[in-house]
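Hi,

Here is the structure I said I'd pass on. Have a look at it first, and then read my notes below.

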Amino acid sequence: MIFKTATEMAAALAAKDVSSVELTQAHLDRIESTDGDVKAFLHVDTEGALAQAAAVDADRASGKKLAPLSGVP
């Protein structure tokens, strides 16, 4: 899923094929597995990213109208 386009990720979220938390965690896992070599990030806010993802998932579950890319990391 991490190699999909933002549009494809948004469609998967809307179809409930994946949650924002799952998608965010997949990206965080990729960062963790590659950044030792790449060194692209000075700081990764894992807790903040997962909290925002959980909030989007809650909004989606409650039926709140979301922006097209809500939940896409």
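The largest nonpolar core in this predicted model has 7 residues: Met9, Ala10, Ala12, Leu13, Val18, Leu23 and Val72. Helix α1, residues 6-14, gives the largest share of that core, with 4 residues. Setting aside neighbours within four places in sequence, Val72 is in contact with Ala6, Met9, Ala10, Leu13 and Leu23.

Next, the backbone. Lys16 has a positive phi, near 60°, in a residue other than glycine. You'll find Lys16 in the loop between α1 and α2, the latter being residues 20-38. Its relative accessible area is 62%, so Lys16 counts as exposed, the cut-off for that being over 50%.

Lys39 also turned up on the phi check: its value is positive too, near 55°, and again the residue is not glycine. Lys39 is placed in the loop between α2 and α3, where α3 covers residues 46-61. With a relative accessible area of 64%, Lys39 is exposed as well.

And how many salt bridges are there? The count comes to 1. Asp59 pairs with Lys64 in a salt bridge, and the closest N and O atoms are 3.8 Å apart; the cut-off is within 4 Å. Is Asp59 buried, exposed or partly exposed? Asp59 has a relative accessible area of 26%, so it is partly exposed.

Terms used
Residues numbered from 1 in each chain as written. Predicted model: local features only at pLDDT ≥ 70, side-chain atom pairs only at ≥ 80, totals over all residues. Heavy atoms only, no water. Core = buried A, V, L, I, M, F, W, Y, C linked by side-chain atoms within 4.5 Å. Buried < 20%, exposed > 50% of the residue type's maximum accessible area, 1.4 Å probe, protein only. Helix = DSSP H or I, 4+ residues; strand = E, 2+ residues; numbered from the N terminus. Contact = heavy atoms within 4.5 Å. Salt bridge = Lys/Arg side-chain N within 4 Å of Asp/Glu carboxyl O.
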